[in-house]
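This report goes through the parts of the structure shown below and the places where they meet.

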Amino acid sequence: MKKVMVKLDNVKKDYEGKKIIKGISLDIYEGEFLTLLGPSGCGKTTLLRTISGLEKVSSGKIYIDGEDVTDVIPRKREVNTIFQNFALFSHMTVEKNIGFGLKMKKVPKSEIKTRVKEVIELIQMEGFEDRKPSQLSGGQQQRVALARGIVNKPKVLLLDEPLSSLDMKLRKQMQVELKRIQKKMGITFIYVTHDQDEALSMSDRVAIINNGVIEQIDTPRKLYDAPKTKFVADFIGESNQFNAVVVSTQNDEATIKLEIDLEIKVKNNHYDVGERLTVIIRPEQFRLAREKDITNCFVVKTKEHIYSGSFTKVLGKVGKKEIEFIIYNDDDYTKNEEVKLKFSSDDIVILEENNEE
Amino acid sequence: MQRHRHLKNLFIFLVFLFLYLPIITLIVFSFNTSPLNILFEGFTLEWYGKLFSNTTLLEALKNTIIVSVVSTVISTFIGTLAAIGLQKYNFVGKNFINKLLYVPVVIPEIVLGISLLSVYTLLKLNLGLGTLIVSHIAFSIPFVIISVRTVLNSTNLQIEEAAHDLGANDFKTLTNVIIPEIMPGIVSGATLAFTLSLDDVIISYFTAGPGSNTLPLQIYAMIKTGITPDVNALTTLMILVIMTVLIISSLIQVRKMKKEYAR
């Protein structure tokens with residue numbers, strides 16, 4: 001069993017009468033890269049700040065490495081934060097910035113020097129020791145901010161959208177860099193972002209947060225393949241969602257009717273006749289259907305073709321419902337006004353409606 | 001194009017002439033053999049010698065320096081902390097206090113002088129260096145606050161959280177992070193306070209007592225009896241000191257900038 005490094009126990013946070021976090025419980029393991037992902041205003045940054053202590057919880061408990069730190073002030077917690085805007089000290093050199101935490105902890109000067117040197121090597125910024133933050137590029141400032149945190153060897157490093165102010169190319173580069181440093185140092189990372197690509201590509205696990213609660217916490221792959229709520233299915237990747245109702249059930253097969261007046265056959269999962277379901281089909285789960293396919297066949301009126309190199313994204317309509325699907329460009333396909341699509345009932349995700357509330 | 005440049009240069013020359021001609025005149029007449037500041041009759045260092053035996057003038061100079069230095073130090077200290085406090089904390093009446101800060105800045109000095117005098121009379125305080133210093137502190141503080149606040153407003157205040165996060169307590173955060181970060185604002189506030197105090201006449205006129213004459217007051221008083229060239233000598237020396245300080249500080253600036261951009 002892996003060791004739990006951070007434990008949140010029913011954490012709640014109200015701010016001026018508004019419930020920002022509505023009771024979150026979460027275990028984060030030692031050495032894990034966990035991402036808190038959600039739309040802006042969902043409470044993910046507030047949650048991170050309760051772990052660093054910069055924000056007090058309204059109720060609930062926070063444990064770090066088994067110790068109750070709920071009422072411990074920030075500077076006494078063995079965590080460090082990387083801020084969105086870096087928050088570097090502009091009057092100090094790179095070396096002084098990085099060494100600040102150690103100096104405050106009264107670490108001997110010679111040790112500060114060697115440890116600062118180590119992390120400067122780790123972030124590949126040798127030769128920049130005497131520069132001021134204003135003389136560095138955005139990416140370099142980002143590295144210094146990171147070094148200023150990890151040099152203290154915290155038990156947990158909290159990262160608050162640290163890459164959001166960098167341009168696309170640099171961001172991709174820093175994602176790889178962050179992951180490398182995290183693996184090398186073995187520090188538990190808790191990472192906040194609203195960028196799903198970032199979350200999926202770096203994390204061991206991702207917690208999807210919406211409206212102050214965790215919708216789902218899973219590995220990136222599970223989140224995509226088996227979303228547990230409509231929100232997760234919509235937030236991670238693209239999805240076509242249909243309201244549906246169970247028409248009839250046979251032993252291991254159920255017939256359900258989609259909102260677009262189409263009956264499809266799916267695996268029976270103890271459904272009751274009349275039960276309401278949500279069917280989620282990813283754009284790439286659609287395949288072109290041949291004449292002889294009759295079951296689970298969509299007839300789509302196409303509206304727009306968006307060419308994207310290896311595939312073409314097609315927007316279309318079934319009745320009044322908008323549908324999105326993907327045609328691989330090596331498929332035998334010519335632009336058509338009408339196209340027939342099929343899908344395998346093994347791939348798609350079906351949510352029971354009462355899962356939602 | 002060429003003509004335009006000549007016109008531009010001429011204009012700049014006239015502006016500088018306008019600014020510096022009085023100062024140059026003053027310096028020239030400090031070496032004048034005639035005691036009247038009307039015609040230059042010949043070169044002499046006599047007035048510089050007389051200056052050092054003019055005890056009233058030297059006493060006034062001493063008072064001016066004491067008042068300026070003490071009031072600058074105290075008003076910078078109070079003003080800086082006040083600016084940080086006003087930025088950081090929210091409390092009832094904060095907006096009102098912020099507006100109130102501008103009153104001493106815009107109020108006519110003569111009103112401020114009379115009000116200070118009536119307070120001192122009410123409290124039965126003897127006018128002297130003490131009341132003078134307190135008055136100078138009073139009118140300097142808003143200038144320091146305003147100048148520090150300008151820098152604070154453009155500072156990323158998350159550095160305070162970062163400092164706490166890295167293990168600094170409140171005091172260390174203030175002394176090691178916040179103060180150095182806003183130092184440019186503190187320095188310009190202090191400079192402003194110092195220069196305002198150095199040449200203040202009106203408020204000092206009301207709040208100084210016997211034996212606490214400052215230089216501006218003394219010179220002002222001398223107008224009635226006629227200004228002797230030893231005042232010219234004294235102000236020439238003051239200009240010399242100020243110029244030296246300015247030149248040294250800009251040399252340091254230039255060297256620092258060269259060092260930073262050399263890489």
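## Domains of chain A

Chain A is divided into two parts: domain 1 covers residues 4–228, and domain 2 covers residues 240–355. The model is a predicted one. Between the C-alpha centres of domain 1 and domain 2 of chain A the distance is 40 Å. Six residues of domain 1 of chain A and five residues of domain 2 of chain A make up the contact.

## The contact between the domains

The size of an interface is often given as the accessible area lost when the parts come together. For domain 1 and domain 2 of chain A, about 430 Å² is buried between them, with 46% of it on carbon and sulfur atoms. On the side of domain 1 of chain A, the residues that lose the most area to domain 2 of chain A are A:Y224, A:P227 and A:K228, which together account for 88% of what that side buries.

Which kinds of residue does domain 1 of chain A bring to this contact with domain 2 of chain A? Four are nonpolar, two are charged and no polar residues are found on that side. Zero salt bridges are counted between domain 1 and domain 2 of chain A. The count of residue pairs in polar contact between domain 1 and domain 2 of chain A is two, both at pLDDT 80 or more.

## The interface of chain A and chain B

On the chain A side, 28 residues are in contact with 19 residues of chain B. Chain A and chain B bury about 2100 Å² between them, and carbon and sulfur atoms give 52% of that area. A:R75, A:H91 and A:M104 supply 26% of the area that chain A buries against chain B, more than any other three residues.

How many salt bridges are counted between chain A and chain B? The count is one. A:R49 forms a salt bridge with B:E161, and their closest N and O atoms are 2.7 Å apart. Eight residue pairs in polar contact are found across the interface of chain A and chain B, both residues of a pair being at pLDDT 80 or more.

Over all chains, the structure holds zero disulfides. Is A:C42 buried or exposed? A:C42 has a relative accessible area of 2%, so this residue is buried. A:C297 also counts as buried, because its relative accessibility is 11% and the cut-off for buried is under 20%.

Methods: Residues numbered from 1 in each chain as written. Chains lettered and ligands numbered in written order. Predicted model: local features only at pLDDT ≥ 70, side-chain atom pairs only at ≥ 80, totals over all residues. Heavy atoms only, no water. Domains from an automatic or database assignment. Contact = heavy atoms within 4.5 Å. Buried area = accessible area lost by both parts, 1.4 Å probe. Salt bridge = Lys/Arg side-chain N within 4 Å of Asp/Glu carboxyl O. Polar contact = N/O pair within 3.5 Å; in protein donor to acceptor, adjacent residues only side chain to side chain. Nonpolar A, V, L, I, M, F, W, Y, C, P; charged D, E, K, R; others polar. Disulfide = S-S within 2.5 Å. Buried < 20%, exposed > 50% of the residue type's maximum accessible area, 1.4 Å probe, protein only.
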